[in-house]
Amino acid sequence: MADNKSLGEKPTAIVIGAGIGGVSTAARLAKAGFAVTVFEKNEFTGGRCSLLHHDGYRFDQGPSLLLLPRLFIEAFRDLDTSLEAEDVHLFKCEPNYTVHFHDGSNFELSTDLARMKGQVEKYEGADGFERYFAFLAESHRHYELSVRHVLHRNFTSLLSMLRPSFLRHVLTLHPFESMYARAARYFRTERLRRVFTFASMYMGMSPFEAPGTYSLLQYTELAEGVWYPKGGFHKVIEALVNVGVRLGVTYRMNTPVAQVMLDEDLKRARGVVLESGERVAADVVIVNADLVYATKNLFPPSRRAERLNERKVSCSSISFYWALDRQVPELHAHNIFLADEYRESFDAIFARQDMPDEPSFYLNVPSRVDPTAAPAGTDALVVLVPVGHLQHQSNDAMTSQDQDWTGMVSRAREHVLATVEARTGTSLRKCIRHEMVNTPATWRDRFNLDKGAILGLSHSFFNVLSFRPRTKHADYEGCYFVGSSTHPGAGGTWDAQAVGEAAKGE
């Protein structure tokens, strides 16, 4: 530690932000013997992984499915507990998704091989299933190598990429080819190339730009399944918070942080200054706030912060939360409605920071897998329409000349309603009892997400591995980052492990 502690006195740590990375890190540090305090600007934990409620309806505000379950199992095991012991029960979604095409046909993604055989051969012919297995084999390699050599490793400098154990697998991970290009090697039809690449949106990227490595996302869904925690995704957050509290973590909600407090030499973090003016000292500071926002607002101005602000960021979203007065059995738990102009839809988002004329979108019905999400006989619906991020950071961005978000919300709503009716035969127009909406501006204002980018910095090749901001602050000792914009990227539980281990070394 930076200071010598008297015998029996615990080292102290402050965590800024109670997102999944923050609450997981807080629990790990408490288990390691730290006295931990978490400061959260909102009245709820979880950040984007939080819930919205209305009159008996429950909506996942952000993530609505759980992938890579073994990483969550590991996180709880490291805390000497388990998901089940913390009352987190996972439902397996079957099918994983229903993908709806413009002509009313669909494709059901599943872990059931017999089901997938029929689905693949319907579009790809008799030999299509063999090519599907070849695609799975490659995606499996991407998955296993990424977990072993990327997710469980820290990349503290460019030299980290020269580790022999990593270097010999680089080309196997296909980082210099796009997800779409790799899928095109295995699937002859345009439809299945789309089916096996839309998951790039999990990284906030276009499949025509996302490194081929990320086919690992489709692999984990197809091999391990898509899961949903009973009670909503926030049940995982709640469990981590409860574990932390048992270990002594203190949570201070509705308490925004104004800046990270530095020592006189401006070389080490010494705590935080709250917006109220209160100063709270600590030996270690972990920042779970959006990294770009934090670098610009919580630390002294620097050229490093300016360069970070110039990096590519992920997309944003217009998200609708609809309470219906009836059930819509035509929709499964997870539904993807793909634009007919697939590439153009991504170009509009990532090249022009706009909403496509015909956007693809994701529609989640949590009550289909977990009836507690809505009153009996009704459904809760969450619709995520990917759009470009904010180009202006002023408070009037919603009405800026370049990005008319009010108009885009209306267009997005109409497109979703018309598309669902055309492709499934069910009309949602008259059965929406209540609506809530998140836009790029609300993502920015409620969660301090720079430019409203819902997944932080882009995950392009020069924004990952050693090129991604390190978990340890480059300028200040005793300061660490955890969250989607730092290494390894969008996630929470595995980057918390790296930060927890590093902070213990202080």
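Asparagine 335 has leucine 363 of strand S16 as its bridge partner. The model is predicted. The pair belongs to strands S15 and S16, which run antiparallel and are joined by 4 bridges. Strands of a sheet pair through backbone hydrogen bonds, either parallel or antiparallel.

**The sheet**
- S15 and S16 sit in an open sheet of 7 strands, in the order S7-S6-S15-S16-S17-S14-S18. Its pairing is mixed.
- Strand S7 (106-109) and strand S18 (432-438) stand at the edges. Each has a single partner strand, so one side of each is left without a neighbour in the sheet.
- Neighbouring strands of this sheet are turned by 20° against each other on average, direction ignored.
- S15 covers residues 334-337, and S16 covers residues 361-364.

**Helices**
- Helix H15 (residues 440-447) lies across strands S14 (316-324), S17 (380-387) and S18. H15 runs at about 95° to S14.
- Helix H2 spans residues 69-78. Its buried residues are Pro69, Leu71, Phe72, Glu74, Ala75 and Phe76.

**Cavities**
- Rolling a probe the size of a water molecule over the atoms shows where empty space is left.
- There are 2 cavities of 30 Å³ or more.
- The second largest cavity holds about 30 Å³ of space.
- The lining of the second largest cavity consists of Asp290, Val292, Val313, Leu449, Asp450, Ala453, Gly456, Leu457 and Ser485.
- By type, this lining divides into 5 nonpolar, 2 polar and 2 charged residues.

Note on methods. Residues numbered from 1 in each chain as written. Predicted model: local features only at pLDDT ≥ 70, side-chain atom pairs only at ≥ 80, totals over all residues. Heavy atoms only, no water. Pairing = 2+ DSSP bridges. Helix = DSSP H or I, 4+ residues; strand = E, 2+ residues; numbered from the N terminus. Axes fitted to C-alpha atoms, helices over the stretch in contact; angles between N-to-C directions. Contact = heavy atoms within 4.5 Å. Buried < 20%, exposed > 50% of the residue type's maximum accessible area, 1.4 Å probe, protein only. 1 Å grid on protein atoms, 1.4 Å probe; cavity = no way out; pocket = protein on both sides within 12 Å on 5 of 7 lines; lining within 4 Å. Points joined across faces, edges and corners; volume = space filled by probe spheres on them. Nonpolar A, V, L, I, M, F, W, Y, C, P; charged D, E, K, R; others polar.
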